[in-house]
Amino acid sequence: KAEGSPGQVSPKSYGSKTNNIVCGDVLCDKSQTNKPIHVKEYSIIIQGQEIFYLEAGKENKETILLLHGFPTSSHMYRNLIPVLAEEFHLVAPDYVGYGRSSMPTVDEFEYTFENQAKIIEEFTEEIGLEKYNLYVMDYGAPIGFRIAFENPEKVDSFIVQNGNAYDEGLQEFWDDIKVWWYDKTPENEKKLHHLVTLEATKWQYTHGTRNPDVIDSSNWETDQLRLDRPGNASIQLAMLYDYKTNVPLYPQWQQYFQEYQPPMLITWGANDYIFPEIGAHQYERDLNNVEKYILDTGHFALEEDLDFIAQKISKFLD
């Protein structure tokens, strides 16, 4: 993208670690050859908010728009992007209040899934994404499905990793949250404050994994630094409360699946307590072209099964 396009800030370098090779602005590829892979950082102003995003690959390739979950950001895709950048054009934005995007207070910005989806939709238009494949995970699923429902012609396919669109997928983890949704008292809210603590953040990354001791600690360290910013806990509670607005939309999204039949690759951590495996199987009720892999890992499946998922994405989009 040419410098000086509307609202865009000049690119900055981005560091990552792939196959134990520490790389800077020029990242080493998965085959460890001398062919460089460039991953850039950008920021762009959308609706008065600075939206941070990572971008890699060539724009004439198939585009994958990567939408992150809670409590993370584009950081969750830091290892996947370099692995796929030779084959695809990848873009991973941070939502408002997450990662390195703007973080207005709950009094300054209405933290809802509808607003987040509108900003990401406008973001794609501003950077010139006319068609793309959607990688959705956790919160990324209701944001991505809202966008696809409104713009079915723009979405070629889905890669779904522990992202729900069915009533069956909201089980025990959601019990106290549902009580709060329909009885919004300080007492019911207080029961959920633990969800923004370091213990809970680390648990999200390690629970249900095969080897919890080898999960990269930068995940919960990075996320928790952002959760601990003054006012961010209120933002997360606002988003969690607004999740209830997604549930009535499940039938609309299912109707969209039935009508448009987007191809879908599912790579799902079977041991996820937040979005359990049963949610993965429901998509086959409405879609004819589903490629599904249930993996022996937890909520953030990329942390243990990066190579497997990357290989399946490559073949799926070929």
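What follows is a friendly chat about a predicted model, touching on its aromatic rings, cavities, strands and some backbone details.

Biologist: Hi! Before we start, what kind of model is this?

Modeller: This is a predicted model.

Biologist: Good to know. How many aromatic pairs does the structure hold?

Modeller: There are 33 aromatic pairs in the structure. One of them is formed by Tyr53 and Phe123, and that pair is edge-to-face. Their centres are 4.9 Å apart, with 75° between the planes.

Biologist: Where do Tyr53 and Phe123 sit in the chain?

Modeller: Tyr53 is in strand E6, residues 49-56, while Phe123 belongs to helix H2, residues 113-126. The pair links distant parts of the chain, as the two residues are 70 residues apart.

Biologist: And are Tyr53 and Phe123 buried or exposed?

Modeller: Tyr53 is buried, and Phe123 is buried too.

Biologist: Why does the pair of Tyr205 and Phe300 count as stacked?

Modeller: The planes of Tyr205 and Phe300 are at 15° and the ring centres are 4.0 Å apart, so the pair is stacked. The cut-off for stacking is an angle under 30 degrees. Tyr205 lies in helix H6 (residues 198-206) and Phe300 in the loop between strand E12 (290-295) and helix H11 (302-317), so this pair ties together parts 95 residues apart in sequence. Tyr205 and Phe300 are both buried.

Biologist: Which residues form an aromatic cluster?

Modeller: One aromatic cluster is made up of Phe70, Phe113, Tyr139, Phe173, Trp174, Trp181, Tyr182, Trp203, Tyr243, Tyr273 and Phe275.

Biologist: Which residue lies over the face of Tyr241?

Modeller: That is Lys184, at 4.1 Å from the ring centre of Tyr241.

Biologist: What lines the largest cavity?

Modeller: Its lining has 15 residues, and Phe70, Tyr139, Phe173, Leu195 and Leu240 lie nearest the centre. Among these, Phe70, Tyr139 and Phe173 also belong to the aromatic cluster. By class, the lining of the largest cavity has 11 nonpolar residues, 3 polar and 1 charged. Helix H8 (residues 232-242) gives the most to this lining, with 3 residues.

Biologist: And what about the lining of the second largest cavity?

Modeller: That lining divides into 3 nonpolar, 6 polar and 3 charged residues. Pro71, Asp223, Arg226 and Gln236 are among them. Helix H7 (218-227) and H8 are the elements that give two or more residues to the lining of the second largest cavity, and H7 gives the most, with 3 residues.

Biologist: You mentioned Pro71. What kind of peptide bond joins Phe70 and Pro71?

Modeller: A cis one, with omega about 0°. Most peptide bonds are trans. Pro71 is in the loop between E7 and helix H1 (80-84).

Biologist: Which strands pair with E9?

Modeller: Strand E7 (residues 63-67) pairs with E9 in the parallel sense over 4 bridges. E9 and strand E10 (residues 155-161) also pair in the parallel sense, over 6 bridges. Leu134 in E9 stands opposite Leu65 and opposite Phe158 in E10.

Biologist: Last topic, backbone angles. Which residues have a positive phi although they are not glycine?

Modeller: Gln47, with a phi of about 50°, is one of them, and Asn162, with about 55°, is another. Most residues other than glycine have a negative phi. Gln47 is in the loop between strand E5 (36-46) and E6, whereas Asn162 is in the loop between E10 and helix H4 (175-182).

Biologist: How does relative accessibility class Gln47 and Asn162?

Modeller: Gln47 counts as partly exposed at 47% relative accessibility, whereas Asn162 counts as buried at 0%.

Technical notes:
Residues numbered from 1 in each chain as written. Predicted model: local features only at pLDDT ≥ 70, side-chain atom pairs only at ≥ 80, totals over all residues. Heavy atoms only, no water. Phe/Tyr/Trp six-rings, centres within 6.5 Å; stacked < 30°, edge-to-face > 60°. Buried < 20%, exposed > 50% of the residue type's maximum accessible area, 1.4 Å probe, protein only. Lys NZ or Arg CZ within 6 Å of the ring centre and 35° of its normal. 1 Å grid on protein atoms, 1.4 Å probe; cavity = no way out; pocket = protein on both sides within 12 Å on 5 of 7 lines; lining within 4 Å. Nonpolar A, V, L, I, M, F, W, Y, C, P; charged D, E, K, R; others polar. Pairing = 2+ DSSP bridges.
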